[in-house]
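Work through the exercises below with the structure open. Try each task before reading its solution.

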Amino acid sequence: MYTIKTLNAISPVGLAKLPASQFEIDNEAAAPQGILVRSADMHEMPLPESLLAIARAGAGTNNIPIEECTNAGIVVFNTPGANANAVAELVVGALIAGSRNMVDAVQWAQGLKGRDTIAKDVEKGKKQFVGPELRGKTLGVIGLGAIGARVANAAVSLGMEVLGYDPYISIDAAWSLSRSVQHCVTLGDMLPRCDYLTIHVPYLPTTRHTINAQTLAMCKDGVRVLNFARGELVDNAALLDALDSGKVAHYFCDFPTEELLGVKGVECTPHLGASTPESETNCAVMAAAELSDYLKNGNITHSVNLPDVSQPRVGGRRICIIHKNAPGAISAITGILTAAHLNIENMVNKSKKDIAYTLLDVTGEISDTLAAELSGIEPAIRVRIL
Ligand SMILES: NC(=O)C1=CN([C@@H]2O[C@H](COP(=O)(O)OP(=O)(O)OC[C@H]3O[C@@H](n4cnc5c(N)ncnc54)[C@H](O)[C@@H]3O)[C@@H](O)[C@H]2O)C=CC1
Ligand SMILES: O=C(O)C(=O)COP(=O)(O)O
């Protein structure tokens, strides 16, 4: 029986993939083997010794202390693409709503309630909300992953000229992009041409304040900026200065902060990008499957800190070792197994930066001391025998 702790509300459709015969879902568990999380901030949370894996039902993992997890042999998963459609649809909505001043216009129209001159006031007042059409305008997309590629393709369908910047684009994302999306090698190639700019990159130390005073200065006057990725990607002080000077005409952001709220030209939604029943289900189902397969079989799919390793089980027992990516690790492991008269039926070793994972299916008698012996090799971080 594995204990899974949830730190946010996780779709019941996903939780149902963790049958009660094998998994106990306990939101108060002190010693869980698995954690299911959405946006809860885990940086200050102690990581219990029992914890083997964290599955983020969503894309961004900046709420999880990845390095500490890696050092403790805790596998962190996310659910790539599972909520991308929800975010992309909201971004398209925000592109239109921002350009056509819909939020202010709706609020203004609400204020007409109770008047007997509504029809007349509407026709007189509407001119203050005139805003440009998207067709024929240029959209710059920073980050062409699951979300950015969908936004880019949707914008092409709306008749926009679309420019894309992503120096690390995956082959899958590149295949999924419309051929009409123009490739920009640097932000400098892209920014001066954009009427609208949207960012879809992960928040990392290297992407913090991607939109800052320097990059904003390169933009066209009156650019409309959208940020449905993470608040920290934009330097809010620089953005507000640019709004003040007219460099930025509008900022639509999914991450409200004190300085953004109440500012004319800024509209914030409350981190709504992935909040659709479809996305919540997709993410929870994928996260539950990743957690279950790792806990039961040691298979790793969609990990952000360990290499993906997934093999059908071949008889006998399975030995899973997370270890430092160091010379001698594999011979130390196989040496112990040989001395223990175990036959290796299947073995996979993969590494990711400084960390490696070795998965072995073995036949033979497993002694009570084997796990301790394997844990005793210098590079070993976490050993499980399933
Ligand atoms: N508002 C919301 O509710 C949601 C927000 N997000 C945010 O959106 C981000 C992107 O999500 P996905 O598209 O699903 O992720 P993804 O991993 O599919 O795509 C990210 C893309 O950014 C690119 N990239 C990384 N560093 C870059 C850089 N310095 N410059 C340009 N491109 C760079 C990568 O090559 C990749 O193609 C997430 O990391 C998360 O922070 C994701 C889902 C929901
Ligand atoms: O998937 C992401 O990165 C998100 O930002 C979605 O967050 P949420 O699961 O809605 O709290």
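Helices (H or I, at least four residues) and strands (E, at least two) are DSSP runs, numbered from the N terminus. This is a predicted model: local features need pLDDT of at least 70, side-chain atom pairs count only at pLDDT 80 or more, and totals for chains, interfaces and linings use all residues. Residues are numbered from 1 along each chain as its sequence is written, and chains are lettered from A and ligands numbered from 1 in the order in which they are written.

**Exercise 1.** Find which helix gives the largest share of the shell around ligand 1.

Solution. Start with the shell: 33 residues surround ligand 1 (C-beta atom, placed from the backbone, within 6 Å). The closest are Gly60, Gly143, Gly145, Tyr168 and Gly273. Next, look at the helices. H3 and H6 each supply at least two residues. The largest share, 3 residues, comes from H6. Finally, sort by class: 19 nonpolar, 11 polar and 3 charged. Here Ala, Val, Leu, Ile, Met, Phe, Trp, Tyr, Cys and Pro count as nonpolar, Asp, Glu, Lys and Arg as charged, and the others, Gly among them, as polar.

**Exercise 2.** Describe how H3 packs on H6.

Solution. Take the geometry first. H3 spans residues 84-99 and H6 residues 146-157. They pack at an angle of about 45°, with axes 8 Å apart. The axes are lines fitted to C-alpha atoms over the stretch in contact, and angles run from 0 to 180 degrees between N-to-C directions. H3 is therefore oblique to H6 (under 35 degrees is roughly parallel, over 145 roughly antiparallel, 65 to 115 roughly perpendicular, the rest oblique). Now list the contact (C-beta atoms, placed from the backbone, within 7 Å). H3 gives Ala84, Asn85, Val87, Ala88, Val91 and Val92. H6 gives Ala146, Ile147, Arg150, Val151 and Ala154. By class, this contact has 9 nonpolar, 1 polar and 1 charged residues.

**Exercise 3.** Which residues surround ligand 2?

Solution. They are Arg38, Ser39, Gly58, Ala59, Gly60, Asn83, Gly273, Ala274 and Ser275. The classes are 2 nonpolar, 6 polar and 1 charged.

Conventions:
Contact = placed C-beta atoms within 7 Å.
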